[in-house]
Amino acid sequence: PLTTDKPKPLVEIHGRTLLDHVIDRMVLGGVNFLVVNVHYKSEMMKAHLAGRKDVSIQICDETDAILDTGGAVANALPLFRGEPFFVQNSDSLWVEGMGRALSRMQERWDPEKMDALMLLAPCATSIGYDGPGDFEMDSGGLLSRRAEMKLAPFVWTGLQIVHPRLFDGAPSGRFSINPLWDKAIENERLYGVRLDGVWIHVGTPEAKSEAELFLTDLQHQP
């Protein structure tokens, strides 16, 4: 019901749209060029983005056909000219602990041995998430999938650094990024960094309310 009259990235949390939370974080982390995929109510997205003057923004328009988590990124690859780049879902935000997550990821990033580096959050302390977890992570940050019928300690926050080579041999059109991650895991090239802070997933109206309450309480702490 929150997206009847607007796209999900324009839902407001704590007085700011989810989209602006993402862009604010990227700008603070030193990012100066963004590609934003639009589909549902794309004209509203474009109008909102036109108000951002602090960063260069390129639109990837998926109005005619949504491309899913893999196809959407593959469609934007030429804009990054072969360089690694951040990818973030718009329904993901977090409260920082020690240091800044983007800076820690940039420091950890090693293009020689990584095809992707994910920001992972402990399931137990996440807001708006009650799933079984996504990944196991060893002491060196190397990731493996949660075993079937088991729980995993970490959930992907929706933020990752991606090297374009992750998409070598990928299909065209609409496809999921999950098989590409599986290939990277098989080749021991998918890594993670643990979030020092609290991750907030805004996937439902209930999660939105939970996020608002958490952020308001945090604001009022001495």
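How many cavities of 30 Å³ or more does the count come to? The count comes to 1 cavity, where a cavity is a set of points, on a 1 Å grid over the protein atoms alone, at which a 1.4 Å probe fits but cannot get out. Before looking inside, a word on the ground rules. This is a predicted model, in which local features need pLDDT of at least 70, side-chain atom pairs count only at pLDDT 80 or more, and totals for chains, interfaces and linings use all residues. Residues are numbered from 1 along each chain as its sequence is written, and side-chain values use heavy atoms, with hydrogens and water left out.

The largest cavity has a volume of about 40 Å³, a volume being the space filled by probe spheres set on the grid points, which are joined across faces, edges and corners. Its lining (residues with an atom within 4 Å of a point) consists of Arg-25, Leu-28, Gly-29, Glu-96, Arg-100 and Leu-102. By class that lining has 2 nonpolar, 1 polar and 3 charged residues; Ala, Val, Leu, Ile, Met, Phe, Trp, Tyr, Cys and Pro count as nonpolar, Asp, Glu, Lys and Arg as charged, and the others, Gly among them, as polar.

Now for the pockets, meaning open sets of points with protein on both sides within 12 Å along at least five of seven lines. About 210 Å³ of space lies in the second largest pocket. Arg-25 and Glu-96 turn up in its lining, along with residues including His-21, Gln-88, Trp-94 and Leu-218. α1, β6 (92-96) and α6 (205-219) each give two or more residues to this lining, and β6 gives the most, with 5 residues. Helices here are DSSP runs (H or I, at least four residues), as are strands (E, at least two), numbered from the N terminus.

The largest pocket holds about 1,400 Å³ of space. It is lined by 47 residues, and Asn-37, Val-87, Gln-88, Asn-89 and Ser-90 are the closest to its centre. Among the elements giving two or more residues are α1 (18-28), β3 (33-38) and β10 (154-162). The largest share, 6 residues, comes from β3. By class, the lining has 29 nonpolar, 12 polar and 6 charged residues.

Finally, take α1 and its neighbour α2 (residues 42-49): their axes come within 11 Å and cross at roughly 40°. The axes are lines fitted to C-alpha atoms over the stretch in contact, with angles running from 0 to 180 degrees between N-to-C directions. Leu-19, Asp-20 and Ile-23 of α1 meet Met-45, His-48 and Leu-49 of α2, contact meaning heavy atoms within 4.5 Å.
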